[in-house]
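Good morning, colleagues. Please look at the sequence and the structure as they come up on the screen.

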Amino acid sequence: MNCKNCGAPLTPDDEKCPYCGSYIERGPAEIAKRQRIKQESIRRERLDSLPKMKYIQIIFIVLANIITLGFYAIYWYAVRRNTFNTLTKDYKFPDLGLVIHVIALILFYLSNNESIYSIALPVSWLSGIYTAFQVKNILRSYALKNIDLINSGSINIINLVAPSNILLILFGSIYLQAAINKMIKLELFKPEV
């Protein structure tokens with residue numbers, strides 16, 4: 001491509017001729033192409049700056065929880081703890097809730113004492129629920145602060161991040177991972193490879 005004014009050679013990125021200073025006229029197709037390239041570049045830069053979260057198939061989490069008798073949920077929370085703590089200053093990951101959940105679950109499986117057994121199960125269950133709700137609050141707070149990153153402004157954050165309390169109580173980390181998977185698809189998180 002050459003300058004129409006002086007005939008000097010031009011590069012595709014030139015806005016004006018480096019020799020004579022005249023502005024380069026571009027057709028509508030060229031302008032649209034340049035805008036798409038610029039928008040994609042901005043999108044990639046924004047995506048690279050997002051926190052990483054792992055996309056996991058829900059069936060994998062279900063099977064892992066069944067095989068490990070519920071201990072995978074503890075692992076799931078523990079691995080993501082640091083990331084959760086960086087997402088928002090409004091809420092922090094409930095370390096004590098997770099520790100109580102671990103101890104109670106271990107006592108539930110290892111205890112031969114009926115009274116310990118009968119206390120450990122509800123304590124484990126309640127601490128697991130508490131942890132799940134705190135993580136939901138962290139994810140919602142993060143999503144609310146970053147809603148402008150989503151192309152469509154019509155998304156309701158309440159419906160995006162674990163909208164059903166009943167499902168959260170019943171499925172905890174499984175339900176939260178489903179919400180994280182949605183957030184990855186909406187580019188609120190960078191997918192971890």
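This is a predicted model: local features need pLDDT of at least 70, side-chain atom pairs count only at pLDDT 80 or more; totals for chains, interfaces and linings use all residues.

A probe the size of a water molecule, rolled over the atoms, shows where empty space is left. The largest pocket holds about 530 Å³ of space. It is lined by 24 residues, and those closest to its centre are Gly-70, Ala-73, His-101, Trp-125 and Leu-170. Two or more lining residues come from each of α2 (58-67), α3 (71-87), α4, α5, α7 (165-171) and α8 (173-185). Of these elements, α5 provides the largest share, 6 residues.

What is the class make-up of the lining of the second largest pocket? There we find 7 charged residues, 3 nonpolar and no polar ones. The volume of this second largest pocket is about 220 Å³. Among its lining residues are Asp-13, Glu-15, Arg-26, Glu-30, Lys-33 and Arg-34, together with Pro-12 and Ile-31.

I turn now to the surface. A nonpolar patch is formed there by Leu-96, Val-99, Ile-100, Ile-103, Leu-107, Ile-116, Ile-119 and Val-123, which together have about 670 Å² of accessible area. Both α4 (95-110) and α5 (114-145) supply at least two residues to the patch, and α4 gives the most, with 5.

One of the patch residues is Ile-103, which lies in helix α4. Ile-103 counts as partly exposed because its relative accessible area is 48%, which falls between the limits of 20% and 50%.

Definitions and conventions. Residues are numbered from 1 along each chain as its sequence is written. Side-chain values use heavy atoms; hydrogens and water are left out. Patches are made of residues with over 30% relative accessible area and no salt bridge: like charges are joined within 9 Å, nonpolar side chains (Val, Leu, Ile, Met, Phe, Trp, Tyr) within 5 Å. Accessible areas come from the Shrake-Rupley method with a 1.4 Å probe; for residues, only the protein chains shown count as cover. A salt bridge is a side-chain nitrogen of Lys or Arg within 4 Å of a carboxyl oxygen of Asp or Glu. Helices (H or I, at least four residues) and strands (E, at least two) are DSSP runs, numbered from the N terminus. Buried means under 20% relative accessible area, exposed over 50%, partly exposed in between (1.4 Å probe, protein chains only). On a 1 Å grid over the protein atoms alone, a cavity is a set of points where a 1.4 Å probe fits but cannot get out, and a pocket is an open set with protein on both sides within 12 Å along at least five of seven lines; lining residues have an atom within 4 Å of a point. Grid points are joined across faces, edges and corners, and a volume is the space filled by probe spheres set on the points. Ala, Val, Leu, Ile, Met, Phe, Trp, Tyr, Cys and Pro count as nonpolar, Asp, Glu, Lys and Arg as charged, and the others, Gly among them, as polar.
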